[in-house]
Amino acid sequence: MKIILVPLLRDNYGYLLVSEPTREALVIDPSESEPILRRLAEEQLILKAVLNTHHHRDHTGGNDGILTQHQVEVYGHKSDGGRIPGLTHGIDEGDEIRIGELSGKVLFIPGHTTGHVAYLFGNNLFCGDTLFTGGCGRIFEGTPEQMHASLSKLMLLPDDTRVYCGHEYTENNLRFAVTLEPKNFKLISRLERVQALRARGAATVPATLEEEKQTNPFLRWDSNELRETLKRDFPGLASDPVSVFAQVRKLKDQF
Ligand SMILES: [Zn+2]
Ligand SMILES: [Zn+2]
(Lines give C-alpha, C1' and ligand atoms only; values in the text may rest on other atoms or scores of the structure.)
(Ligands and ions follow the chains in the order given, each with its own letter.)
Protein backbone atom coordinates (compact mmCIF):
# COMPACT_ATOMS: atom_id res chain seq x y z
CA MET A 1 0.00 0.00 0.00
CA LYS A 2 1.25 3.43 -0.91
CA ILE A 3 0.29 6.52 1.09
CA ILE A 4 0.12 9.90 -0.63
CA LEU A 5 -0.05 12.92 1.65
CA VAL A 6 -2.03 15.78 0.11
CA PRO A 7 -1.72 19.25 1.72
CA LEU A 8 -5.18 20.88 1.85
CA LEU A 9 -6.52 24.27 2.95
CA ARG A 10 -4.05 26.11 5.17
CA ASP A 11 -2.57 23.32 7.28
CA ASN A 12 -4.71 20.20 6.77
CA TYR A 13 -3.52 16.87 5.41
CA GLY A 14 -5.69 14.48 3.42
CA TYR A 15 -4.35 11.04 2.53
CA LEU A 16 -4.73 8.79 -0.47
CA LEU A 17 -4.22 5.10 0.27
CA VAL A 18 -3.35 3.25 -2.89
CA SER A 19 -3.26 -0.41 -3.75
CA GLU A 20 -0.49 -0.33 -6.35
CA PRO A 21 -1.33 -3.50 -8.28
CA THR A 22 -4.97 -2.45 -8.82
CA ARG A 23 -4.57 1.38 -8.71
CA GLU A 24 -7.58 1.45 -6.40
CA ALA A 25 -7.54 4.21 -3.81
CA LEU A 26 -9.27 5.51 -0.71
CA VAL A 27 -9.18 9.09 0.46
CA ILE A 28 -9.07 9.98 4.14
CA ASP A 29 -10.38 13.40 5.27
CA PRO A 30 -10.75 15.39 2.05
CA SER A 31 -10.97 18.96 3.36
CA GLU A 32 -11.63 20.16 -0.18
CA SER A 33 -12.27 18.28 -3.41
CA GLU A 34 -10.18 19.96 -6.13
CA PRO A 35 -6.65 18.95 -5.02
CA ILE A 36 -7.87 15.41 -4.37
CA LEU A 37 -9.60 15.07 -7.75
CA ARG A 38 -6.52 16.48 -9.49
CA ARG A 39 -4.22 14.03 -7.72
CA LEU A 40 -6.47 11.08 -8.51
CA ALA A 41 -6.34 12.02 -12.18
CA GLU A 42 -2.57 12.64 -12.22
CA GLU A 43 -1.85 9.30 -10.59
CA GLN A 44 -4.53 7.52 -12.67
CA LEU A 45 -6.22 6.10 -9.59
CA ILE A 46 -9.65 4.54 -9.23
CA LEU A 47 -11.32 6.02 -6.15
CA LYS A 48 -13.30 3.45 -4.16
CA ALA A 49 -14.23 5.23 -0.92
CA VAL A 50 -14.06 8.34 1.25
CA LEU A 51 -13.14 7.81 4.91
CA ASN A 52 -13.79 10.62 7.39
CA THR A 53 -12.30 10.66 10.89
CA HIS A 54 -14.89 13.17 12.16
CA HIS A 55 -17.52 15.61 10.97
CA HIS A 56 -15.59 18.91 11.05
CA ARG A 57 -15.78 20.82 7.80
CA ASP A 58 -12.00 20.88 7.39
CA HIS A 59 -12.14 17.05 7.20
CA THR A 60 -15.34 16.56 5.18
CA GLY A 61 -15.59 19.72 3.05
CA GLY A 62 -14.51 17.83 -0.08
CA ASN A 63 -17.01 14.96 0.23
CA ASP A 64 -19.74 16.51 -1.93
CA GLY A 65 -17.35 17.66 -4.66
CA ILE A 66 -15.76 14.23 -4.84
CA LEU A 67 -19.15 12.50 -4.92
CA THR A 68 -20.25 14.52 -7.96
CA GLN A 69 -17.38 12.88 -9.91
CA HIS A 70 -17.05 9.50 -8.20
CA GLN A 71 -20.05 7.58 -6.84
CA VAL A 72 -18.26 5.98 -3.91
CA GLU A 73 -18.96 4.81 -0.37
CA VAL A 74 -18.45 7.24 2.51
CA TYR A 75 -17.34 5.93 5.91
CA GLY A 76 -17.60 7.69 9.26
CA HIS A 77 -18.81 7.00 12.78
CA LYS A 78 -22.37 5.68 12.93
CA SER A 79 -23.44 8.60 15.16
CA ASP A 80 -22.46 11.17 12.53
CA GLY A 81 -25.12 10.35 9.94
CA GLY A 82 -26.51 13.88 9.96
CA ARG A 83 -23.10 15.54 10.06
CA ILE A 84 -20.88 13.78 7.50
CA PRO A 85 -22.00 14.64 3.95
CA GLY A 86 -22.91 11.54 1.92
CA LEU A 87 -22.28 9.02 4.72
CA THR A 88 -23.19 5.51 3.50
CA HIS A 89 -21.32 3.31 6.01
CA GLY A 90 -21.76 4.14 9.70
CA ILE A 91 -18.91 2.34 11.44
CA ASP A 92 -17.81 1.73 15.04
CA GLU A 93 -15.02 0.34 17.21
CA GLY A 94 -13.53 -2.90 15.90
CA ASP A 95 -15.15 -2.79 12.47
CA GLU A 96 -13.06 -4.03 9.58
CA ILE A 97 -12.96 -2.07 6.35
CA ARG A 98 -12.17 -4.08 3.25
CA ILE A 99 -12.06 -2.32 -0.08
CA GLY A 100 -10.34 -4.21 -2.87
CA GLU A 101 -6.83 -5.03 -1.68
CA LEU A 102 -6.96 -2.47 1.12
CA SER A 103 -8.04 -3.53 4.56
CA GLY A 104 -8.06 -1.62 7.82
CA LYS A 105 -9.60 -1.45 11.24
CA VAL A 106 -11.70 1.18 13.03
CA LEU A 107 -10.90 2.57 16.47
CA PHE A 108 -13.52 4.71 18.22
CA ILE A 109 -11.70 7.61 19.87
CA PRO A 110 -14.16 10.31 21.05
CA GLY A 111 -13.13 13.53 22.79
CA HIS A 112 -12.39 16.08 20.08
CA THR A 113 -15.90 15.26 18.81
CA THR A 114 -18.34 12.64 20.07
CA GLY A 115 -18.09 10.63 16.83
CA HIS A 116 -14.34 10.66 16.19
CA VAL A 117 -12.72 7.51 14.78
CA ALA A 118 -9.23 6.48 13.68
CA TYR A 119 -8.40 4.12 10.83
CA LEU A 120 -5.55 1.66 11.16
CA PHE A 121 -4.15 0.20 7.93
CA GLY A 122 -1.26 -2.11 8.76
CA ASN A 123 0.88 -0.01 11.10
CA ASN A 124 -0.38 3.28 9.66
CA LEU A 125 -2.72 5.17 11.97
CA PHE A 126 -4.96 7.91 10.56
CA CYS A 127 -6.15 9.67 13.68
CA GLY A 128 -7.57 13.00 12.48
CA ASP A 129 -7.71 15.62 15.24
CA THR A 130 -7.38 13.31 18.24
CA LEU A 131 -3.64 12.59 18.39
CA PHE A 132 -1.47 15.16 16.63
CA THR A 133 2.24 14.78 16.10
CA GLY A 134 3.51 16.49 19.23
CA GLY A 135 0.03 17.31 20.52
CA CYS A 136 -3.67 16.49 20.63
CA GLY A 137 -6.90 18.08 19.44
CA ARG A 138 -9.06 20.45 21.43
CA ILE A 139 -11.86 18.89 23.43
CA PHE A 140 -14.85 20.39 21.61
CA GLU A 141 -17.65 17.89 22.29
CA GLY A 142 -16.27 15.31 24.71
CA THR A 143 -14.69 15.39 28.16
CA PRO A 144 -11.07 15.22 29.33
CA GLU A 145 -11.83 11.69 30.62
CA GLN A 146 -12.94 10.62 27.13
CA MET A 147 -9.96 12.21 25.41
CA HIS A 148 -7.57 10.66 27.92
CA ALA A 149 -9.18 7.23 27.38
CA SER A 150 -8.95 7.65 23.59
CA LEU A 151 -5.27 8.63 23.70
CA SER A 152 -4.59 5.75 26.12
CA LYS A 153 -6.18 3.37 23.62
CA LEU A 154 -3.91 4.65 20.85
CA MET A 155 -0.87 4.26 23.11
CA LEU A 156 -1.51 0.51 23.25
CA LEU A 157 -0.61 0.22 19.55
CA PRO A 158 2.94 -0.93 18.73
CA ASP A 159 5.77 1.62 19.03
CA ASP A 160 6.49 1.49 15.30
CA THR A 161 2.93 2.60 14.45
CA ARG A 162 3.10 5.57 12.12
CA VAL A 163 0.95 8.52 13.12
CA TYR A 164 -0.73 10.36 10.25
CA CYS A 165 -2.75 13.19 11.76
CA GLY A 166 -5.07 15.82 10.32
CA HIS A 167 -2.91 18.93 10.57
CA GLU A 168 0.64 20.25 10.29
CA TYR A 169 0.87 21.56 13.87
CA THR A 170 4.02 19.80 15.06
CA GLU A 171 6.30 22.81 15.47
CA ASN A 172 3.85 24.82 17.56
CA ASN A 173 2.99 21.70 19.57
CA LEU A 174 6.62 21.01 20.39
CA ARG A 175 7.34 24.63 21.30
CA PHE A 176 4.56 24.26 23.86
CA ALA A 177 5.91 20.86 25.00
CA VAL A 178 9.31 22.38 25.80
CA THR A 179 7.68 24.76 28.31
CA LEU A 180 6.62 21.69 30.33
CA GLU A 181 9.69 19.49 29.86
CA PRO A 182 12.64 21.82 29.17
CA LYS A 183 15.14 19.04 30.03
CA ASN A 184 13.63 16.29 27.86
CA PHE A 185 16.51 15.96 25.41
CA LYS A 186 14.54 13.75 23.00
CA LEU A 187 11.95 16.51 22.84
CA ILE A 188 14.54 19.22 22.27
CA SER A 189 16.24 17.30 19.48
CA ARG A 190 12.85 16.55 17.90
CA LEU A 191 11.95 20.24 17.96
CA GLU A 192 15.24 21.05 16.21
CA ARG A 193 14.56 18.45 13.51
CA VAL A 194 11.00 19.68 13.06
CA GLN A 195 12.11 23.31 12.77
CA ALA A 196 14.64 22.35 10.11
CA LEU A 197 11.93 20.50 8.15
CA ARG A 198 9.49 23.42 8.40
CA ALA A 199 12.17 25.91 7.38
CA ARG A 200 12.25 24.18 4.00
CA GLY A 201 8.49 23.68 3.86
CA ALA A 202 8.61 19.90 4.38
CA ALA A 203 5.95 17.88 6.20
CA THR A 204 6.69 16.65 9.73
CA VAL A 205 4.05 13.91 9.43
CA PRO A 206 4.16 10.95 9.97
CA ALA A 207 5.95 10.30 13.24
CA THR A 208 6.23 7.03 15.11
CA LEU A 209 4.12 6.33 18.16
CA GLU A 210 7.36 5.70 20.05
CA GLU A 211 8.48 9.26 19.37
CA GLU A 212 5.07 10.52 20.48
CA LYS A 213 5.30 8.62 23.76
CA GLN A 214 8.72 10.15 24.39
CA THR A 215 7.93 13.76 23.49
CA ASN A 216 4.17 14.47 23.23
CA PRO A 217 3.06 16.19 26.48
CA PHE A 218 -0.50 14.87 26.04
CA LEU A 219 0.81 11.31 26.42
CA ARG A 220 3.22 12.13 29.24
CA TRP A 221 1.02 12.31 32.32
CA ASP A 222 3.56 9.97 33.98
CA SER A 223 6.59 12.19 33.32
CA ASN A 224 8.18 13.44 36.55
CA GLU A 225 9.51 16.57 34.92
CA LEU A 226 6.10 17.47 33.45
CA ARG A 227 4.39 16.82 36.78
CA GLU A 228 6.95 18.95 38.65
CA THR A 229 6.44 21.84 36.24
CA LEU A 230 2.67 21.67 36.71
CA LYS A 231 2.94 21.31 40.49
CA ARG A 232 5.10 24.45 40.65
CA ASP A 233 2.41 26.53 38.92
CA PHE A 234 -0.67 24.66 40.21
CA PRO A 235 0.15 23.32 43.69
CA GLY A 236 -3.41 22.08 44.24
CA LEU A 237 -3.50 19.97 41.08
CA ALA A 238 -4.58 16.35 41.66
CA SER A 239 -1.99 13.80 40.56
CA ASP A 240 -4.19 11.30 38.72
CA PRO A 241 -3.49 10.97 34.98
CA VAL A 242 -6.77 12.58 33.85
CA SER A 243 -6.21 15.71 35.98
CA VAL A 244 -2.63 16.04 34.72
CA PHE A 245 -3.79 15.57 31.13
CA ALA A 246 -6.67 18.06 31.55
CA GLN A 247 -4.31 20.71 32.94
CA VAL A 248 -1.91 20.26 30.02
CA ARG A 249 -4.84 20.64 27.61
CA LYS A 250 -5.98 23.81 29.42
CA LEU A 251 -2.51 25.31 29.16
CA LYS A 252 -2.25 24.49 25.47
CA ASP A 253 -5.63 26.15 24.82
CA GLN A 254 -4.02 29.38 26.06
CA PHE A 255 -0.58 28.91 24.48
ZN1 LIG B 1 -11.62 18.69 14.08
ZN1 LIG C 1 -9.12 19.60 11.79
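Two strands pair if DSSP finds at least two bridges between them. Helices (H or I, at least four residues) and strands (E, at least two) are DSSP runs, numbered from the N terminus. The structure is a predicted model, in which local features need pLDDT of at least 70 and side-chain atom pairs count only at pLDDT 80 or more, while totals for chains, interfaces and linings use all residues. Residues are numbered from 1 along each chain as its sequence is written, chains are lettered from A and ligands numbered from 1 in the order in which they are written, and side-chain values use heavy atoms, with hydrogens and water left out.

**First stop: the hairpin of β7 and β8**

Select β7 and β8, which pair in the antiparallel sense over four bridges. Ile-97 stands opposite Gly-104 in β8. Two residues lie between the strands of this hairpin, and Gly-100 takes a positive phi near 60 degrees there.

Val-106 faces Tyr-119 in β9, and Leu-107 stands opposite Ala-118.

Now show the whole sheet: six strands form an open sheet in the order β7-β8-β9-β10-β13-β14, with mixed pairing. Its edge strands are β7 (96-99) and β14 (207-208), each of which pairs on one side only.

**Second stop: the other sheet described here**

Select β1 to β6, an open sheet of six strands in the order β1-β2-β3-β4-β5-β6, with mixed pairing. At the edges stand β1 (2-8) and β6 (89-91), each with a single partner strand, so one side of each has no neighbour in the sheet. From one strand to the next, the twist averages 25 degrees.

Within this sheet, strands β2 (residues 12-19) and β3 (residues 24-28) run antiparallel and are joined by five bridges; Tyr-15 stands opposite Ile-28.

Then select helix α1 (residues 34-42), which lies across β1, β2, β3 and β4 (46-51) and runs at about 145 degrees to β1. Axes are lines fitted to C-alpha atoms, for helices over the stretch in contact, and angles run from 0 to 180 degrees between N-to-C directions. Contact means heavy atoms within 4.5 Å.

Select residues 170-180 (α5) and 185-199 (α6), whose axes come within 9 Å and cross at roughly 155 degrees. The two helices are therefore roughly antiparallel, a term for angles over 145 degrees. In α5, Thr-170, Glu-171, Leu-174, Arg-175, Ala-177 and Val-178 meet Leu-187, Arg-190, Leu-191, Val-194, Gln-195 and Arg-198 in α6.

Beyond α6, select Pro-206 in the loop between α6 and β14. The peptide bond from Val-205 to Pro-206 is cis, with omega near 5 degrees.

**Last stop: an aromatic pair**

Rings of Phe, Tyr and Trp (its six-membered ring) pair if their centres lie within 6.5 Å; planes under 30 degrees apart count as stacked, over 60 as edge-to-face and the rest as tilted. By this rule there are ten aromatic pairs. Select Trp-221 and Phe-245, an edge-to-face pair at 6.5 Å centre to centre with 90 degrees between the planes. Trp-221 lies in the loop between α7 (209-215) and α8 (224-233) and Phe-245 in helix α9 (residues 241-254), so the pair ties together parts that are 24 residues apart in sequence.

Definitions and conventions
Parallel < 35°, antiparallel > 145°, perpendicular 65-115°, else oblique.
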